[in-house]
Amino acid sequence: MDSWDAGEKNLQWIQEISLKDPEGAREQITHVTSGQRRASRSAFTCYKYLRGMCLRAAELRPSWTSDMDQDLKFEGCDLNIKTNSESHHTDQCPEQRLIVRRGQPFTVSLLLKPGGDFSGHIGNLTFIVETGPLPRKESNTRVTFGLSESTAEQEWSASRVEDESNDRISVSINSSPDAPVGVYKLSVDQDGRETDLGLFTLLFNAWCPHDAVFMHSERKRKEYVLSQHGQIFRGTWKRIKGIPWDFGQFESGILDICLKIMDQNPKFISDANQDCSARRSPIYVTRVLSAMINSNDDSGVLVGSWSDFTGGVHPGTWIGSGDILRQWSESGPVHYGQCWVFAAVGCTVSRALGIPCRVVTNFGSAHDTDANLVIENLYDEDGERISDDSVWNFHVWVDSWMTRPDLGDKYDGWQTSDPTPQETSDGVFCCGPAPLKAIKEGELTRKYDAPFIFAEVNADVVDKVQLSTGEFVQFSGSTKSVGRFISTKAVGSDERRDITHQYKYPEGSEDERRVYEKATHHNKLQKQGIEPGLHLKIKLADNMTVGSDFEVRAVLTNNSMAARTCTLLFFARSVSYNGKQGDSVGFTSDQVEVPSGEDRSLILNLQYDNYGSVITPDRQILLSVIAIDKQTIEYHKAEKTIVLDEPSIEIKLEGEVRVNQLTTVQVMLVNPLPETLRDCSFTLGGAGLTDGRPVTLKLDDVGPGQEAQVSAALTPLMAGATVLLVSFDSNHLKNIKSSLNIVVKE
């Protein structure tokens, strides 16, 4: 039986028990999804079916569950759908089930049994929330929390709400503003007995200050999260026309389809737990949606076509996202879409999940196929086009609002992503999200896909002809034809708002050329895997044996666009294995000017006369170098701990080693220090070689470069493999150890 057949049988079983015993169905899913990966399709199908049945069951019972475990003191749960929906801005959803936004309290009511007294049992209640097919505590897809005096703003918590009714207990539950979005199961544990309270869907929350998608403006929240209608601008930069679009994120069934899109992305199928956990981040969700709105790498929503529309719908026919999403949910990838359709559907899904989103049109949009920030229109001598770069009359994508903790708060705000399949990113047809602030400033090493998006709005255009000799000659070009009248719908009206200034400086300005040159510089560095700016590192000598003098080198590399003048401070201190620093063993400093693209070095000489008396027997030295650019108030630091090489101990055996026969061993060490070693000794030991006690042999003083050598007689007591251990000790050279594997014969 293959995994699909197994899935069908699992579905039949779950269908029979899911309405009677939801927990049993969940256990079956856990059983199916564990084990071999070959059963993943069956598990995935079961999980989707169970969630769908639970959602439909929730619609059939308006807002409360009943028939709970008879051993508990309550008999149902009122999810207060109407009240919670209004306060969470989800009341436009027609489904009669609980949909809330994270980081904001919602209230549920536990319905007491007639005559029930709950006063003594409140402290025994533990609430449990779970999402995904395999919820786990370590991935924050399963969280437990008890009743407290009040709810906490930044974590899952619950508190009792004063209720005049005697037949119910109202509880305020606050979700974490960093919780993964998706469908959750809510249950309660009382004295070890867990009872299902119902399902709810958790969304991102633009109203919560602690959520990564928080927006300050209520007008913008209404526009970019709640508005179901919009304008998409098309045409040319000289003739811009808006067309209406019905996003319909609150239409019946659309939210479920949006969650289904997330559940069918390849990352969920390969590792459902990791994917569900990652859904706490709007960065992750946006990048997944950028890939899933097109169908190039997966069973995504739309198939793109720019010429032949046989067997499908012409992209210009669509007037809204709802029909497209429903067709995809019922029968797979929908034929056909073009850029404005991909973007509009992406906007619908983002808003449905709670991420503020706007549709953006770029007129004169460059498609840079070779990622050099230049659109090269190449022609042969007959005028035939021979290059793949192009400039579209217009191109449409989406901007989503979120913080960027991976990049720093400097890059918070609007992030561009593009679901139209143009080029691959990390092997997948997706693009973004990339911060608009990084695009505007030419910071092309910032994630994700900043070079491609920068070229779309700010590439230079050159026209070249290829001569019969193979040489290319430029005959025309422009620095101003790409990225014009970048447009989106205005907040609160259908008017066009020009947002070109958010993407780039005015064409022809000094700032625009400065940013373009910086972007070109960053693009070259990114291709080489190099970060821009100043970089500091420490290089070591090949030979760093204790007792020797050697050099270490601080290297300052300037990957910025201009020369930099910096002060270098280079320190060396003794240090023990536990990190405790000792005395200084060396210091040097200098002021260096480093041209763009070059490096400069500062050498520190480490001499035995300075470090020999202060290093510990661990023979460790901590190197620290600091670079200070006083003009930019910029500091850089590099550290490295070195362990000085120790001299080797040479061990030789004379003849075969046999049981109960005398064996002579010679050990020798050359003194690497420039001073005499006193109080010298070798200690020998080994199981079955020294009668259970180490043998210590003292030596005379050993001068610089001289050999410390002893012979010892050993009588092995047992046959077989063993190890001879040797240690050398003296006043200036301690803890030098070596060993020799020995096979003792009968």
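The model is predicted. Its mean pLDDT is 86, and 87% of the residues reach 70 or more. Over residues 1-46, pLDDT stays under 50. The model still has 61 contacts beyond four places in sequence for residues 1-46. Residues 53-72 also stay under 50. For residues 53-72 the model has 51 such contacts, again beyond four places in sequence.

Next comes helix H4, which spans residues 81-87 and holds serine 85. The relative accessible area of serine 85 is 7%, so this residue counts as buried. A polar atom of its side chain lies 2.7 Å from the backbone oxygen of isoleucine 81. Beyond its neighbours within four places in sequence, serine 85 is in contact with Thr90 and Asp91.

Strand E8, residues 168-174, contains serine 170. Its relative accessible area is 6%, so serine 170 is buried too. What does serine 170 touch, not counting residues up to four places away in sequence? Its contacts are Thr107, Val108, Ser109, Ser159, Arg160, Val161 and Asp163. Take threonine 107 from that list: it sits 63 residues from serine 170 in sequence, yet the two C-alpha atoms are 6.7 Å apart in space.

Strand E10 covers residues 193-203, and leucine 199 lies in it. Leucine 199 has a relative accessibility of 18%; the cut-off for buried is under 20%, so leucine 199 counts as buried. Its C-alpha atom is separated by 5.6 Å from that of tyrosine 184, which is 15 residues away along the chain.

Now the helices. Two packed helices are described by the angle between their axes and the distance between the axes. Helix H6 runs over residues 254-263, and helix H11 over residues 339-352. The axes of H6 and H11 come within 9 Å and cross at roughly 100 degrees. Angles of 65 to 115 degrees count as roughly perpendicular, and H6 and H11 therefore have that relation to each other. H6 brings Ile254, Leu255, Cys258 and Ile261 to the contact, while H11 brings Thr348, Val349 and Ala352.

Is H6 largely enclosed or open? Eight of its ten residues are buried, so H6 is largely enclosed by the rest of the structure. Those buried residues are Ile254, Leu255, Ile257, Cys258, Leu259, Ile261, Met262 and Asp263.

Threonine 361 stands opposite serine 487 of E22.

How much relative accessible area does serine 417 have? The value is 3%, so serine 417 is buried. Its contacts, leaving aside neighbours within four places in sequence, are Thr286, Trp397, Val398, Cys431, Gly432 and Pro433.

The last stop is strand E33, residues 681-685. Four of its five residues are buried, and the strand is mostly covered. Which strands does E33 pair with? One is strand E34 (residues 695-698), paired with E33 in the antiparallel sense over four bridges. Here serine 681 stands opposite lysine 698 of E34. Another is strand E36 (residues 720-729), which runs antiparallel to E33 and is joined to it by five bridges. In this pairing, threonine 683 has serine 727 of E36 as its bridge partner.

Key
Residues are numbered from 1 along each chain as its sequence is written. This is a predicted model: local features need pLDDT of at least 70, side-chain atom pairs count only at pLDDT 80 or more; totals for chains, interfaces and linings use all residues. Side-chain values use heavy atoms; hydrogens and water are left out. Helices (H or I, at least four residues) and strands (E, at least two) are DSSP runs, numbered from the N terminus. Buried means under 20% relative accessible area, exposed over 50%, partly exposed in between (1.4 Å probe, protein chains only). Contact means heavy atoms within 4.5 Å. pLDDT is the predictor's confidence in each residue, from 0 to 100. Two strands pair if DSSP finds at least two bridges between them. Axes are lines fitted to C-alpha atoms, for helices over the stretch in contact, and angles run from 0 to 180 degrees between N-to-C directions. Angles under 35 degrees count as roughly parallel, over 145 as roughly antiparallel, 65 to 115 as roughly perpendicular and the rest as oblique. A polar contact is a pair of N or O atoms within 3.5 Å; within protein, one must be able to donate a hydrogen and the other to accept it, and residues adjacent in sequence count only if both atoms are side-chain atoms.
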